[in-house]
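Please look over the model shown here.

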Protein chains: 2
Amino acid sequence: MPAEKAPKLVGITVKKSEDMSEWYNQVVLKSELADYAPIHGFMVIRPLGMMMWEQIQHYFDARIKSLGVQNAYFPLLIPESFFKKEQEHAEGFAPEVAWIAQDENAESEERLAIRPTSETMMYDMYSKWIRSHRDLPLKINQWCNVVRWEIKATKLFLRTREFLWQEGHCVYSTHEEEREDTLRFLKEYQRVAHELLAIPVIMGWKTKGERFAGANDTFTIEGFMPDGKALQMGTSHDLGQNFSRAFQIKFSGEDEKDHLAWQNSWGISTRLIGAVIMTHGDDKGLVIPPHLAKNKVVIVPIIFDASREQVMKAAAALEKQLHEYNALVDARDNYSAGWKFNEWEMKGIPLRIELGPRDVGNNQCVLVRRDTGQKKIVPLHEIKKVVDEELSAMHHAMFAKQEKWVKDSLVTVSTMKEFESALAQRKLIRALFCGQVDCEKALKEKTTATSRCIPLDEKPHKGGACIHCNQPAEWYTLFAKAY
Amino acid sequence: MPAEKAPKLVGITVKKSEDMSEWYNQVVLKSELADYAPIHGFMVIRPLGMMMWEQIQHYFDARIKSLGVQNAYFPLLIPESFFKKEQEHAEGFAPEVAWIAQDENAESEERLAIRPTSETMMYDMYSKWIRSHRDLPLKINQWCNVVRWEIKATKLFLRTREFLWQEGHCVYSTHEEEREDTLRFLKEYQRVAHELLAIPVIMGWKTKGERFAGANDTFTIEGFMPDGKALQMGTSHDLGQNFSRAFQIKFSGEDEKDHLAWQNSWGISTRLIGAVIMTHGDDKGLVIPPHLAKNKVVIVPIIFDASREQVMKAAAALEKQLHEYNALVDARDNYSAGWKFNEWEMKGIPLRIELGPRDVGNNQCVLVRRDTGQKKIVPLHEIKKVVDEELSAMHHAMFAKQEKWVKDSLVTVSTMKEFESALAQRKLIRALFCGQVDCEKALKEKTTATSRCIPLDEKPHKGGACIHCNQPAEWYTLFAKAY
């Protein structure tokens, strides 16, 4: 018997349905996904959170490489003059930029910013590298950190002053190719959300007021969180020739004349981890979607002194059998089996295997699913097949549950009264909208709701009127409060 | 026939043996490994350079994870007070730190630095996370960018104001465990150099004057470059309790008393890519060691209009057969086969396959090794086996060549006259040395040579005298000019 007792496990002490904000913070901190850094608005991503980001990187990196994208790395610092070259871009990012102290940079007259995004730095280089249509398309991505000096309240993973992301920046000789890829990368983001994160998202385009600073069109994948707030989970921007004009990215065509290039940029970030926590977590803590989890199974041997050797041997054999799922064996002394169950539930491991002396005697084990808590007795020789089936079933169940939730939350409204009532009920609102910047601003001030997107599968609606300003409106647009 | 001619390929115009510095810059720029950024001292890592870094990451990340290390991510910015907590560390890094402009950070009294290394930020967090011996060992690594505002002349990959690296930071309950791991990670660095980069390195420890600021001992892998300069390629630091004392990283032991923890830190960086270029490159350009190359084979079909279809079909079949080597087919029109040979030689792809209509007719191809230029006619059905053998032979030949070079360069000297003569001949010098900081400083000022390390396999030498100051000296120490 252990001489020393384990520390008390402090679980999640608030229900998700009662106070989602406090519940969220507790899950992030107690599951050890991340921690507050000692600098205001910054976070530390702990190993469990980093594991999720690495899984996303691994999955998405292979996808984009198969589409001909290559990784590169551009400087952290950007000269002030670069920002100013594209006016809308400069205005959009100016309030959020952190600058290097001038005396550190005596050899330059210019202020240097920490990158909030890398369009300007990358496109300055592109203008030197691209000469001919033979150099196109150029498809480059970087995985890096960016800093945006947020003034709004920060929240771990969802809004922090530094975050990790990927930014893809491609250049094409024709608008058609560029536009096609802009949407292809958007679909790749949807694939990440659906296949890896088990989160249904709506693909659509942003209104003018919500576009990326410097883009002709911004496409988005929007998620809808359990508290009735939308979350922008990834964006792909059709930049047209705005930046190629500003940075003089020109190529000599087959016609031997010079042409301005066409460009897109697209990004997803560690914010996706916040979406996973909010979407799938429950009152016990985190639930990691099976395809996102690195360690998909934890084996908890039930240890008594008399049968220790026998049980540990069986656990090791199971671990080996479940190697491709990166199964863990929790063989820690001083911790009871119950304590371990609670901890791994809080940390969201998809499947738990309980293995006691009686199980070993019967050549079986108990398999427990994290999302439903369902227990199943499984013969040891069938474990690999059953684990595989359960992981797949769990993924589909988690996705289907959310898909139903989003579907049930969607309400089409035709008056401002209905709009406000639906918003109070935390619905995802579909309404005819004019798309004008001023109208949207006024609507936001009145209701706190923002336009999320016009779904790609919407058709234009002739002769409609805007729900807010009554001016002509062609598109049904989604509205919600948002993160 | 192509209507449009390919641009002229501008190869390397200087011999490596005649002006290695200029040769190096040309290889980096013309092979498109990296480019100068528009900010002084910064670089852009282009896809070919990034591919090398990703291969190093992939290899090393798997190794350290197998040793129980987990990845995490800590903030880019570090409060000034953190630096000051460990005095030697603060003094060592102070001249190189870039600061954030104060007005950007109005809510804090404190200046914020861009991390030059993350000991202080990480150990502040560790002091909150570590409570008990059960929390140890804690083994955390991060892959990130760091900024050191170098005053010395910068050089692409070798010394830039921002670079990419990994920094491992581990905490232990005993000095023995800590010291053992400090050396284990050093051996892992040697493994990266030997197995992946095909560069022989000497493992050793640094003199006091060359230690990491804040360490009790710094271990290093030292490479010896073709111009007779040494290159520090990775370091592992025994930090003792210096930082745990400064940051109060304490754990309650099994004796239920509080103890200061033991720590090490260890890092390698994108500098390794510079080592690869210098060590293996030749007058034609880059030579990528086979195990480091992602694309290990390039297939160049020799295209004539009459036999195009037949040759392209055979090339596609070869590509498929050589899938695991990420073989590329260079099917570009407008470029002659000779042009392509020169370009891929400049870019250092280990093996080239030439495939013309006559080859296809004879069910064979021509295989060319990048390091030796040797050509071999290979039956198509044997290509996979032969490629595998040639890659392995190439790795061993490249390593052996360098190993002989280092061995032949090593000279043991016993007088300052011999020392200076050996240095003029660009040798790696072995001499008895007292290890005193002042003596080393004077020796460096006189000769420009620095101590590189005391190799791990040296034995203490009783009754010796320092080659420079004639004081008692116990250890044979290596000296050279260095990058």
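What follows is a short report on a predicted model.

## How the two chains meet

Chain B touches chain A through 38 of its residues, and 37 residues of chain A take part. On the chain B side, several elements give two or more residues each. The helices are helix 2 (47-66) and helix 5 (119-129) of chain B. The strands are strand 2 (43-45), strand 3 (70-71), strand 4 (77-79), strand 6 (138-147) and strand 7 (162-172) of chain B. By class, this side of chain B holds 25 nonpolar, six polar and seven charged residues.

## The five-strand sheet in chain B

In chain B, five strands form an open sheet with mixed pairing. Their order is 15-14-16-17-18. Strand 15 (328-329) and strand 18 (375-379) of chain B are the edges. Each has a single partner strand, so one side of each is left without a neighbour in the sheet.

Within this sheet, strand 14 (residues 297-301) of chain B runs parallel to strand 16 (residues 351-355) of chain B, and five bridges join them. One of the pairs puts B:Val300 with B:Glu354 of strand 16 of chain B. Helix 9 (residues 308-321) of chain B packs on the sheet. Helix 9 of chain B touches strand 14, strand 15, strand 16 and strand 17 (364-369) of chain B, and its direction makes about 170° with that of strand 14 of chain B. Helix 10 (residues 337-346) of chain B lies across strand 14 and strand 16 of chain B. Helix 10 of chain B also runs at about 170° to strand 14 of chain B.

## The five-strand sheet in chain A

Chain A has an open sheet of five strands in the order 15-14-16-17-18, with mixed pairing. Strand 14 (residues 297-301) and strand 16 (residues 351-355) of chain A run parallel and are joined by five bridges. Here A:Val298 stands opposite A:Arg352 of strand 16 of chain A.

Helix 9 (residues 308-321) of chain A packs on this sheet, in touch with strand 14, strand 15, strand 16 and strand 17 (364-369) of chain A. Its direction makes about 170° with that of strand 14 of chain A. Helix 12 (residues 383-409) of chain A lies across strand 14, strand 16, strand 17 and strand 18 of chain A. Helix 12 of chain A runs at about 10° to strand 17 of chain A.

## Strands 3, 6 and 7 of chain A

Strand 6 (residues 138-147) of chain A pairs with strand 3 (residues 70-71) of chain A through two bridges, and the two run parallel. A:Asn71 stands opposite A:Asn141 of strand 6 of chain A. Strand 6 of chain A is also joined to strand 7 (residues 162-172) of chain A, by ten bridges, and this pair runs antiparallel. In that pair, A:Lys139 faces A:Cys170 of strand 7 of chain A as its opposite residue.

## Packing of helix 2

In chain A, helix 2 (residues 47-66) packs on helix 8 (residues 271-280) at an angle of about 110°, with the axes 10 Å apart. The two helices of chain A are therefore roughly perpendicular to each other. Their crossing is right-handed. Helix 2 of chain A contributes A:Gly49, A:Met52, A:Trp53 and A:Ile56, while helix 8 of chain A contributes A:Leu272, A:Ile273 and A:Val276. This contact has six nonpolar residues, one polar and no charged.

In chain B, helix 2 packs on helix 6 (residues 175-196) at about 140°, with the axes 11 Å apart. That angle makes helix 2 of chain B oblique to helix 6 of chain B. This crossing is right-handed. From helix 2 of chain B come B:Ile56, B:Tyr59, B:Phe60, B:Arg63 and B:Ile64; from helix 6 of chain B come B:Glu188, B:Val192 and B:Leu196. By class, six are nonpolar, none polar and two charged.

Definitions and conventions: Residues numbered from 1 in each chain as written. Chains lettered and ligands numbered in written order. Predicted model: local features only at pLDDT ≥ 70, side-chain atom pairs only at ≥ 80, totals over all residues. Contact = placed C-beta atoms within 7 Å. Helix = DSSP H or I, 4+ residues; strand = E, 2+ residues; numbered from the N terminus. Nonpolar A, V, L, I, M, F, W, Y, C, P; charged D, E, K, R; others polar. Pairing = 2+ DSSP bridges. Axes fitted to C-alpha atoms, helices over the stretch in contact; angles between N-to-C directions. Parallel < 35°, antiparallel > 145°, perpendicular 65-115°, else oblique. Left-handed = near helix turned anticlockwise from the far one by under 90°.
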